[in-house]
Amino acid sequence: MFVLGAGGHGFNGGDIAFQLLMFLLLMFLLRKYAFGPLMGVMKQREEHIANEIEQAEKHHQEAKKLAEEQRELMKKSRQEAQALIEEARKLGEEQKEQIIQAARAEAERLKEVAKQEIAQEKEQAMAALRQQVASLSVLIASKVIEKELSEQDQAKLISEYIQEVGER
Amino acid sequence: MHHEAPLYELFGLTFNLSNVMMITVTSAIVFVIALLATRNLSMKPTGMQNFLEWVMDFVKGIIKSNMDWQTGGRFQVLGVTLIMYIFVANMLGLPFAVVINDELWWKSPTADPVITLTLATMVVGLSHYYGIKMKGLKGYAEGFVSPMPFLFPLKIIEEFANTLTLGLRLYGNIFAGEILLGLLAGSLATGFAGTVVAIIPTIVWQAFSIFVGAIQAFIFTMLTMVYMSHKVSHDH
């Protein structure tokens, strides 16, 4: 050692002891006042970051799930709406059919009633006419061919006449 | 270019007062830097805290390149202290040297082999201590006869060679730098012309010395971790 340029007489034990002591003291002080707290903060940050990443991943997963659910829901509601519209249309069609049917039936019925009434009226008219024609023709005949006909001939004539009217 | 050292005798031990002073100054500077950097610790680091965290991560990288973090984590404080202490020590001798009555007072403490060899011996001693502590006496002893028993003498020599090279490499680099700086400043810069001529090489050499000082601090820490891992790792 002495050859190497440090120079000196005797054993440099003091330097050795001092250097060793100072270095260990320095290391101890640094650990206690500087590096210890710093390492604590670094570790804390590491944990914090890891935590945040985990949290973010979880949130991302949740959001994904929610979106999937939403999409599913949307699809479902769209299908439901489609079904509702379809049903309504079918119902409307049915109702339309029913209304038409009812209207047709009503019309048929009215027609029937009218026909019957007409027939009845015709019958009545016929009866009234028959009576009136009879008396009228008697009146006319008696006026036109007074005395030329007997009562019997007259009746026969009238009946023939009426027959003719009925046939017509 | 050779100055006397201010020696002082106490309890039968010789103290080089220049070394004592420079060791104290270096330790104080390192401590103040570290203390200032960690005054306002926060989760979002700023300024000095960033710098110190970078140093810590840098040392963490050195350790991780030698052993797994599980075993190496406990050496981080040692590594950071070493690298900061040696770097500051290397830098201290660069701007000037103070000589009083032909006694050299201000210099890099690492320009003295006693200092560097003390550090090296401490590191190797620590590696032995942790070797025994973590692998047990048996595992530690097996390290000397593996992979082949006849390597035992070489292993013993290796321990001393490691210590010597670790200390002397640092000392040699820094001492050489200071010698050349001293030559440039003291011998060449005599008179006006000499001073002008000396300016450029002095600047260049100081820049190079900064580089060397940083590199040596890194190498010392790196080799510390290499020797540590040889002693404490199982798969070597």
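**Exercise 1. Describe where B:Thr221 sits and what surrounds it.**

Step 1. In this predicted model, B:Thr221 belongs to helix H7 of chain B, which covers residues 191–232; helices here are DSSP runs of H or I with at least four residues, numbered from the N terminus. Residues are numbered from 1 along each chain as its sequence is written, and chains are lettered from A in the order in which they are written. Local features need pLDDT of at least 70, side-chain atom pairs count only at pLDDT 80 or more, totals for chains, interfaces and linings use all residues, and side-chain values use heavy atoms, with hydrogens and water left out.

Step 2. With a relative accessible area of 0%, B:Thr221 is buried (buried is under 20%, exposed over 50%, partly exposed in between, with a 1.4 Å probe and protein chains only).

Step 3. A polar atom of the B:Thr221 side chain lies 2.8 Å from the backbone oxygen of B:Ala217. Apart from neighbours within four places in sequence, B:Thr221 is in contact with B:Ile62, B:Gly79, B:Leu82 and B:Ile83, contact meaning heavy atoms within 4.5 Å.

**Exercise 2. Work through the salt bridges, including the pair B:Glu53 and A:Arg45.**

Step 1. The whole structure holds 7 salt bridges over all chains, where a salt bridge is a side-chain nitrogen of Lys or Arg within 4 Å of a carboxyl oxygen of Asp or Glu.

Step 2. One of them joins B:Glu53 to A:Arg45, with the closest N and O atoms 2.4 Å apart. This pair crosses between chains, from helix H2 of chain B to helix H2 of chain A, and both B:Glu53 and A:Arg45 are buried.

Step 3. Another links the side chains of A:Glu93 and A:Lys96 at 3.6 Å, N to O. These residues are 3 apart in helix H2 of chain A, so about one helical turn separates A:Glu93 from A:Lys96. A:Glu93 is partly exposed at 42% relative accessibility, and A:Lys96 is partly exposed at 45%.

Technical notes
Helix = DSSP H or I, 4+ residues; strand = E, 2+ residues; numbered from the N terminus. Polar contact = N/O pair within 3.5 Å; in protein donor to acceptor, adjacent residues only side chain to side chain.
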